[in-house]
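Please open the model in a viewer and keep the selection panel at hand.

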Amino acid sequence: MTSVPYTERSAKPNGWWGMAVFVATEATLFGTLIGSYYDLRFRTPHWPPPGVPDPKVAVPLVLLAVLVAASVPVQLASVFARAGRVGATQLALLTALVLQSGYLAMQIHLFVDDLNRFSPQDTAYGSIYFTLVGVHHAHVLVGLLLEGWLVLRLFRGITEYRTVGVRATAFYWLAVNVLAIAVTIVQLSPSL
Amino acid sequence: MRSRPERLELIWAERPGLLGWLTTVDHKRIGLLYFFTTLVFFAAGGIEALLIRTQLAGPNGKVLSPEAFDQVMTMHGVTMIFLFVIPMTTGAFGNYLLPLMLGARDMAFPRLNALSYWLFLGSGVFLYAGLLMGKGPNCGWFCYTPLNTKEYDPGLNADFYALGLIFNGLSTTAGALNFIVTIFKLRAPGMSFNRMPLFVFAMLAVSLSLVFALPPLTIDLAFLELQRQAGFHFFDVAGGGDPLLWQHLFWLFGHPEVYIIILPAMGIATSIIPTFAKRKMIAFPLVALAELLVAFIGFGVWAHHMFTTGLPVGALIFFAAASMMVVIPSTIQIYAWLFTVNLGRPEFRAPLLFIGGFIALFVIGGLSGIMFAAIPFDQATTDTYFVVAHFHFIIFGAAVFPILGGMYYWFPKVTGRMYHERWAQVSFWVTFVGTMLTFFPMHIVGLLGMTRRVYTYHSGFGWDAYNFVETVGAFILAAGLLIIFANLLWSRFRGAPSGPDPFYGGTLEWATSSPPPSYNFAVIPTVSSPYPNWDRAEAGVALDHGHETAATTVRDGRLDEVLKMPAESGWPIVLAFAVTILFIMLLTAHVVVAGIFAGIAGLVLVAWHVHEPAEG
């Protein structure tokens, strides 16, 4: 009765499930923002309103491609962590971290640039535009912090807890990528 | 060599004294913390209700000024929904019972569980600080725009509302996440999905609803704060905003919320009925599906709160039809409860009486609810006391009665002592009569044209006598509640010892001692039906060498992993404290200081995760 007839875990670990539920609630958050965007958009014939430039298409799309490409090393990190390869995991996470940090830095540059051209306080367009894009950037920032934290923790070796952490973070980045695609399409929709 | 219970006690016992309560991660202690905290808020909300009823007892009441009435009325609604019913059903009942019913030793994320509680406490204190400063929320619980804009509500009142509810939502989301993963992963070996107790199905439905319903509210409130404090435009027409956006997002949360309130009550009913009817629930799979279906349909009916806002007729018809559909899963459950009692050998002790009262009140409130699905009727009665009558039958009658019955039912489990049966039955009848007297006449004054939220009225409309009866009823109701709590308090110290299983219940919480030990089960049971306590005992899993519990596969409940569980931790309360300061700084528009506290919260999270459970 005391000995447990148990081999390898076959179900997903608790940490992964916790992240899955968290991602579900995050996705609903973004769904609500996007729904609100279109609710406001279809109330007015001029979107963006007069005096506000149409969003530029090329640079955000290139950045989006970079972000999506960065999910390859993140997923690899998950595979390496499960195989117990500490160094490879760290390297993969760092690669992703560099790409994604570059993405975020460029995006913040664009964000400030937009702020110089129109303001969230002028019209509903500016309000929802900056809120939607800003929340997405915050979402990316959380992912960066998670990766940075894991890289540091992995210097002290790999444990089951940290492996689950890497897997959960990899899942988080999948969600960030899907949401990034949705947000970018919405953001650029007036120009498309 | 120590015996197994002694060994487990050494592994699982937490620090004694106050520090133990502040750093606890034991789901039972967290459940009790929730229980007592929500009772305090229940008392506050009850006093607010009595103030409202005293003000409205006769025409031209002068107990409260109009400004005070607005705040008291708003805080009554906000308290009862966000600080009483949800934390009581999920935080107290869910926390205490769920791991016991699943045969687990704790929740999936014990420290997150502690964090949920401390965040909840912080948000409650935050909201009440507003009221005590005379700046409490004052725009009704759904706080419609443009009433909630800076222009018409210049004080901090609506800011307390918006930030307080975002804050509260953090706690509730963390709790719901924890419940879902616990239900998915920590069921006792053998407990496949179809062998889960119906209470657990109800909690699963509630948690899923919360995870998907709270984000629209959070966004709505964040829009409101951005508009009020930063000058954004979301709801004002002049800036290109849409006033109806507020209502859409609010009710996209607000209607699932109704089922979030009612579903745990249904879960409690499905726990109490089989025990006292001495048979398994009729139509078990249908009831389980109905619980999930109620939660699902709840997301498709929000615009029935907006039938008078000028939505297109096609949209109105869709939402009216969807609202009618809710009748189906509700009725499945009502008939299943009634037939289970009818086909069993029912013993009408206090918990079952409260469930009987619940069914009666739920049917009354449900029937007036169906009336609102008829668009012309809704348009005629909207914003009258008829609506107030309807939702109090649902929220007080249908949601709170099972909570009260559940308090009696699980009292022996939590304390190891029996409540006083005779006085418990008296308390039921007093509460039931008080409820009917308070809320039934509201239907009539509503049809006579009395609008909701008025702080006073003139005589001569034919409302006076009904209002007086309602006020008398409210005080009878309060007396009934006081009898309940006096009974429980007396029994806590003087009640007869109950033993582990005084009612011969079917689910696993009755398979351990009362009160349960810190490790819940000396041997984690294996399960072969939804009523394992009624089956012959089977061998289980001991796990008595570490701070461990069993994890099983999501669908079939096969034993899958031995989990090392985190022990007590001070970080949750520290994090909750940092977040509380963060919200106070947001309220007073000190954005930089708020940012600093967000950073501190981040550092606390780092410290929290440095200690990994597996390192033990």
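Helices (H or I, at least four residues) and strands (E, at least two) are DSSP runs, numbered from the N terminus. The model is predicted: local features need pLDDT of at least 70 and side-chain atom pairs count only at pLDDT 80 or more, whereas totals for chains, interfaces and linings use all residues. Residues are numbered from 1 along each chain as its sequence is written, while chains are lettered from A and ligands numbered from 1 in the order in which they are written.

**Select chain B.** Its secondary structure comprises 18 helices and two strands. Along the principal axes, the C-alpha atoms of chain B occupy a box of roughly 80 × 60 × 50 Å.

**Select residues 385–415 of chain B.** This is helix H14, which bends by about 40° at B:Tyr409, with the proline B:Pro412 following within four residues; the bend is the angle between axes fitted to the seven residues ending there and the seven starting there. Because 30 of its 31 residues are buried, H14(B) is largely enclosed by the rest of the structure. After H14(B) comes B:Gly416, with a positive phi near 80°.

**Select the largest nonpolar core.** Such a core is a set of buried Ala, Val, Leu, Ile, Met, Phe, Trp, Tyr and Cys residues joined through C-beta atoms within 7 Å. The largest has 246 residues, and those touching the most other members include B:Ile262, B:Phe358 and B:Ala398. H14(B) contributes the most to this core, with 22 residues. Centre on B:Ile262: leaving aside residues up to four places away in sequence, B:Ile262 touches B:Ile394, B:Ala398 and B:Ala399.

**Select the side of chain B that touches chain A.** Here 40 residues of chain B are in contact with 35 residues of chain A, a contact being two C-beta atoms, placed from the backbone, within 7 Å. Helices H6 (157–185), H7 (198–230) and H8 (243–277) and strand E2 (559–564) of chain B each supply at least two residues of this side. H7(B) gives the most, with seven residues.

Note on methods. A residue is buried if 20 or more other C-beta atoms lie within 10 Å of its own, exposed if 12 or fewer, and partly exposed in between; C-beta atoms are placed from the backbone.
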